[in-house]
Amino acid sequence: MSTYRDLALPRALGARAGGTPSGSARATVLRTVSARERRSHLTAPRVPTVGIDIGGTKVMAGVVDADGNVLEKIKTETPDKSKSPKVVEDTIAELVLDLSDRHDVHAVGIGAAGWVDADRSRVLFAPHLAWRNEPLRDALQARLAVPVMVDNDANTAAWAEWRFGAGRGEDHLVMITLGTGIGGAILEEGRVKRGKYGVAGEFGHMQVVPGGHRCPCGNRGCWEQYSSGNALVREARELAAADSPVAYNIIDRVKGSIPDITGPLITELAREGDAMCVELFQDIGQWLGVGIANLAAALDPSCFVVGGGVSAADDLLIVPARDAFRRHLTGRGYRPEARIAKAQLGPEAGMVGAADLARLVARRFRRANRRRLERYERYERYAQAIRVGGTGRTPRTPQEPQP
């Protein structure tokens, strides 16, 4: 396999940046970004980049173009959290090298399920991996010889929904990601708000029930203990373990094996009209609406985008969330209500957003290589002039520019 350095240089030297978005798409971007971000975003090179989404069970990598289209994606299992950080770096590098054999790649963006510092260089903590204050960006950048961007996976998903999905045209957006727990992100005027230390958006650990269910974070009553994939499965398994009459259908479906009750199964049965599963979604949807109302009181966004695996239940979840939101919104009836929308990009959102954010840093690589190319071309012109002039001198052969 060719090395990434071998592949990156000729591509970067030969590539030419395209134009900026046109028509209504460009107008939407211009309306919803600040002057600083506007210059940065609309002048970013329209080149393919790789996005990496690292979750608890899988690592997904894809090549994404400037319009958010996934050209190719590949997956592998997430290394066990007992493995060293080097093993995770190897996994990421192998995926990038594989994709770079078939695509013109100029930067890599990583969406990590964990806390990333404000400089987007270190993963402070990741619950599913052996990352503790890990300098991931610099380690990978040295290996891949292209710019690397690291961010929280909820931030990258929110960016993707703002750029290409349910949040297009919104100037104040909050994203809620419902999976095993609850994550989130805040975008204002086209910029991700990461907080002073980079860990803003951990909405799942807001306390909504004092003294409530114990959370793995160590506290009690966290929001994600009442509105998440874990909450959904926990309630279904408790009813099945109690041999509740309302759980007979799901018990029959898993042939009595309660550990086989999963979120996707509950979603499937709810869509088929199973009364217990529909009620469970109403319960977590109502808690979702309560938390969103609290966030509206604090942040006052124009739109909430709900994503993550649990959002696949669609209106089974979103409708009760909207109802509860209206009932609990502070100042209801006397203030505009934020829109609540289901995410559109599905499980690829984090990967697409990471790739698009990486495009903003790709220009550094392109500029550096352009300067090297210009120096190389000037030397060639100089050498040609000497040969034509017949001085007999042979100029020193320059070293081919490297990224």
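Axes here are lines fitted to C-alpha atoms, for helices over the stretch in contact, and angles run from 0 to 180 degrees between N-to-C directions. Welcome to this predicted model, where local features need pLDDT of at least 70, side-chain atom pairs count only at pLDDT 80 or more, and totals for chains, interfaces and linings use all residues. Residues are numbered from 1 along each chain as its sequence is written, and side-chain values use heavy atoms, leaving out hydrogens and water.

**A helix pair**
- Helix H10 (residues 275–299) packs with helix H11 (residues 315–328) at an angle of about 45°, their axes 6 Å apart.
- H10 is therefore oblique to H11, as angles under 35 degrees count as roughly parallel, over 145 as roughly antiparallel, 65 to 115 as roughly perpendicular and the rest as oblique.

**Two loop residues with positive phi**
- Most residues other than glycine have a negative phi.
- Lys255 has a positive phi, near 55°, and sits in the loop between helix H8 (248–253) and helix H9 (263–271).
- With a relative accessible area of 75%, Lys255 is exposed (buried means under 20%, exposed over 50%, partly exposed in between, with a 1.4 Å probe and protein chains only).
- Asp300 also has a positive phi, near 50°, and lies in the loop between H10 and strand S12 (303–307).
- Asp300 is partly exposed, at a relative accessible area of 49%.

**Around Trp115**
- Trp115 belongs to strand S5 (residues 115–116); helices (H or I, at least four residues) and strands (E, at least two) are DSSP runs, numbered from the N terminus.
- Trp115 is partly exposed, with a relative accessible area of 39%.
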